[in-house]
Amino acid sequence: MGDLGLTAGPLQYGFLLATPVLIIRALRLPAHPLPMLRFRCFRNTDPPHVTRIWQSRAGQPGLAQPVSPDLFEEYVFGKLHFDYGGLIFALEDDCPAGFVHAAFGPDAARHWIAPETGVIAMLQACPGDSEHEIARALVVEAEAYLRTRGAKVVYGGCVQPHNPFYMGLYGGADLPGVLDTDTVFQEALRANGYQPVRQIAVLRRALHDFQPPADRQQVQYRRRMLVQVIVDPPARNRWEALTTGDFDLTRFELVPRGSGQTAAYLVVRDMAIGNHAAGRTVGVVELEVDPAERRKGLATCLLSETFRMLAGQGFDTVEMNIPADDAIGMRLAEKLGFCETCRGTLFRKEW
Ligand SMILES: CC(C)(COP(=O)(O)OP(=O)(O)OC[C@H]1O[C@@H](n2cnc3c(N)ncnc32)[C@H](O)[C@@H]1OP(=O)(O)O)[C@@H](O)C(=O)NCCC(=O)NCCS
C-alpha cells in the first residue's frame with residue numbers, strides 16, 4: 001500500500017506531448033475535479049474517524065446507528081483477528097474521508113483465518129462528489145493488502161462463513177453481503193471486476209399477530225414434542241467464538257418427548273445492536289432440521305413455538321436472512337408470513 005499522493009483521473013497528465021486526438025480527450029475534464037487521495041493504515045487513535053465516516057452515512061439502510069468508538073472497539077478493533085494493516089483510510093486533504101476493511105475467511109477447521117481467502121468486509125466513504133472515486137481506489141488498496149498476505153480469491157461483502165467482522169453492525173440478523181442500497185460499495189466492487197455470486201434476502205415478520213398453523217399435524221406435534229431452550233450455547237469452534245461471541249444467543253431445540261434426540265434446532269440473537277425495525281427484534285441466525293425428518297412440518301413447529309415464546313418475552317419482530325436461490329427456505333419463510341425488506345449481494349473475484 002502506498003502512502004503516496006494519487007489522482008484518480010488519467011486525463012490530467014502530459015497532454016503537451018500527446019497527439020491531437022489525445023489533446024481533445026485531455027480537454028474533456030470531469031465535471032468535478034478528482035480528489036487528491038492518500039492512503040494509510042489504521043492507528044490506535046482512529047476509532048473516532050471510523051465512527052465519523054459511518055455516522056456520515058446515517059439514513060442509509062442497514063448500517064447500525066447510533067455508533068460510537070467503543071462499539072467499534074468491541075465488535076471490530078478489539079477482536080483477536082483484527083489486523084491494523086487491513087483497515088485502510090483514504091485521506092482527502094489529510095482527513096479520513098473513507099475506509100475499507102480487508103480481512104480473511106476461516107480455515108477448514110474453523111479455527112483461524114485462511115490467508116488465501118480474502119474478504120472486503122466493509123467499505124464506507126463520506127457522501128460527496130468524490131465518494132465513488134474514493135471507494136474504487138479503496139478497493140484497489142484492499143486488494144494490494146490481501147495479495148501481499150497470500151489471498152487468491154476475494155469476496156466482496158460478508159456472508160457466513162466468510163464473516164470476519166461487522167455482524168450486528170451491518171445488514172440485519174446476519175451479514176447479507178453488500179446491501180443493494182449500499183450503492184457506493186457495490187459500484188466500487190463492480191468497477192474493480194467483482195462478479196455477483198449470491199443474493200441474500202433480508203426478511204422480517206411482526207410477532208404480535210403471529211398465529212401458529214392449526215392443522216392436525218401441528219396440533220399433534222405440540223403434544224408430542226418438547227422445546228428445550230439453551231441460553232448462551234457454547235461456540236462449536238473458535239471461528240464461531242470470534243465472530244458471534246459478543247452476542248446474546250439462544251438455542252431452541254425440538255425434541256420428541258421421551259427421546260434425547262434433537263430433531264430440529266434454531267439459534268437466535270437478540271438484535272439489541274443493529275436493530276432496524278421498531279421495538280425489540282430478534283434474529284434467526286441458524287435453522288436446521290435433521291435430514292431424515294425433513295418435510296414433516298418440524299421447522300414450522302419449532303419456529304412457531306419459538307415465536308410464541310419470544311413474543312411472550314416482549315419481542316416485537318423477528319428477522320431472518322435466506323439466500324434468494326434457496327427455494328425451500330424462501331417458501332418456508334413465506335408460509336410463516338415473512339416479508340422481504342431488502343437484499344444483499346455477495347461478490348467474488350479471483351486472480
Ligand atoms: C429449510 C428446512 C429448515 C425446512 O425444514 P422442514 O422441517 O423440512 O420444513 P417444514 O416441513 O416445516 O415445511 C415448511 C414449508 O417449507 C417449504 N418446504 C419445506 N421443504 C420443502 C421442499 N423439499 N420443497 C419445497 N418446499 C419445501 C414448504 O413451503 C413447507 O410448507 P408445506 O409443507 O405446507 O408446503 C430444512 O429443509 C433444512 O434444515 N434445510 C437445511 C438447512 C437450511 O437450509 N437452513 C436454512 C433455512 S431458512
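Student: Where is Tyr 166?

Tutor: Tyr 166 sits in the loop between β6 and β7, where strands (E, at least two residues) and helices (H or I, at least four residues) are DSSP runs numbered from the N terminus. This is a predicted model, in which local features need pLDDT of at least 70 and side-chain atom pairs count only at pLDDT 80 or more, while totals for chains, interfaces and linings use all residues. Residues are numbered from 1 along each chain as its sequence is written.

Student: What is phi of Tyr 166 near?

Tutor: Phi of Tyr 166 is near 80°, which is a positive value in a residue other than glycine.

Student: And is Tyr 166 buried or exposed?

Tutor: Tyr 166 counts as buried because it has 22 C-beta neighbours inside 10 Å. The cut-offs are 20 or more other C-beta atoms within 10 Å of a residue's own for buried, 12 or fewer for exposed, and partly exposed in between, with C-beta atoms placed from the backbone.

Student: What about phi of Asp 232?

Tutor: Asp 232 also has a positive phi in a residue other than glycine, near 50°, and it lies in the loop between β9 (225–231) and α7. Asp 232 counts as exposed, because 11 C-beta neighbours are inside 10 Å.

Student: Which peptide bonds are cis?

Tutor: A cis peptide bond joins Gln 65 and Pro 66, with omega about -5°, and Pro 66 is placed in the loop between α2 and α3. The bond from Gln 160 to Pro 161 is cis as well, with omega near -5°, and Pro 161 belongs to the loop between β6 (153–156) and β7 (178–179).

Student: Since α2 and α3 came up, at what angle do they pack?

Tutor: Helix α2 (residues 47–55) and helix α3 (residues 69–77) pack at an angle of about 105°, and their axes are 9 Å apart. The axes are lines fitted to C-alpha atoms over the stretch in contact, and angles run from 0 to 180 degrees between N-to-C directions. That angle makes α2 roughly perpendicular to α3, a label that covers 65 to 115 degrees, whereas under 35 counts as roughly parallel, over 145 as roughly antiparallel and the rest as oblique.

Student: Which residues meet there?

Tutor: From α2, Pro 47, Pro 48, Val 50 and Thr 51 meet Pro 69, Phe 72, Glu 73 and Phe 77 of α3, where contact requires C-beta atoms, placed from the backbone, within 7 Å. The contact of α2 with α3 divides into six nonpolar, one polar and one charged residue. Here Ala, Val, Leu, Ile, Met, Phe, Trp, Tyr, Cys and Pro count as nonpolar, Asp, Glu, Lys and Arg as charged, and the others, Gly among them, as polar.

Student: How do α4 and α5 pack?

Tutor: Helix α4 (residues 131–149) and helix α5 (residues 183–191) have axes 8 Å apart at an angle of about 55°, which means that α4 is oblique to α5. The residues in this contact include Leu 138 and Val 139 of α4, and Phe 185 and Leu 189 of α5. By class, eight residues of the contact of α4 with α5 are nonpolar, one is polar and three are charged.

Student: Changing topic, what surrounds the ligand?

Tutor: The ligand is surrounded by 17 residues, of which the closest are Arg 294, Ala 299, Thr 300, Gly 329 and Leu 332; a residue is taken as near a molecule if its C-beta atom, placed from the backbone, lies within 6 Å of it. At least two residues of the shell come from each of β12 (281–289), α8 (298–312) and α9 (327–335), and α9 gives the largest share, five residues. The shell holds seven nonpolar, three polar and seven charged residues.

Student: Last one: where is Phe 247, and which residues does it touch?

Tutor: Phe 247 is found in the loop between α7 (238–244) and β10 (249–256), and it touches Gly 168 and Arg 269, not counting residues up to four places away in sequence. Phe 247 is buried, because 21 other C-beta atoms lie within 10 Å. The C-alpha atoms of Phe 247 and Met 167 are separated by 9.3 Å, although the two residues are 80 residues apart along the chain.

Note on methods: Contact = placed C-beta atoms within 7 Å.
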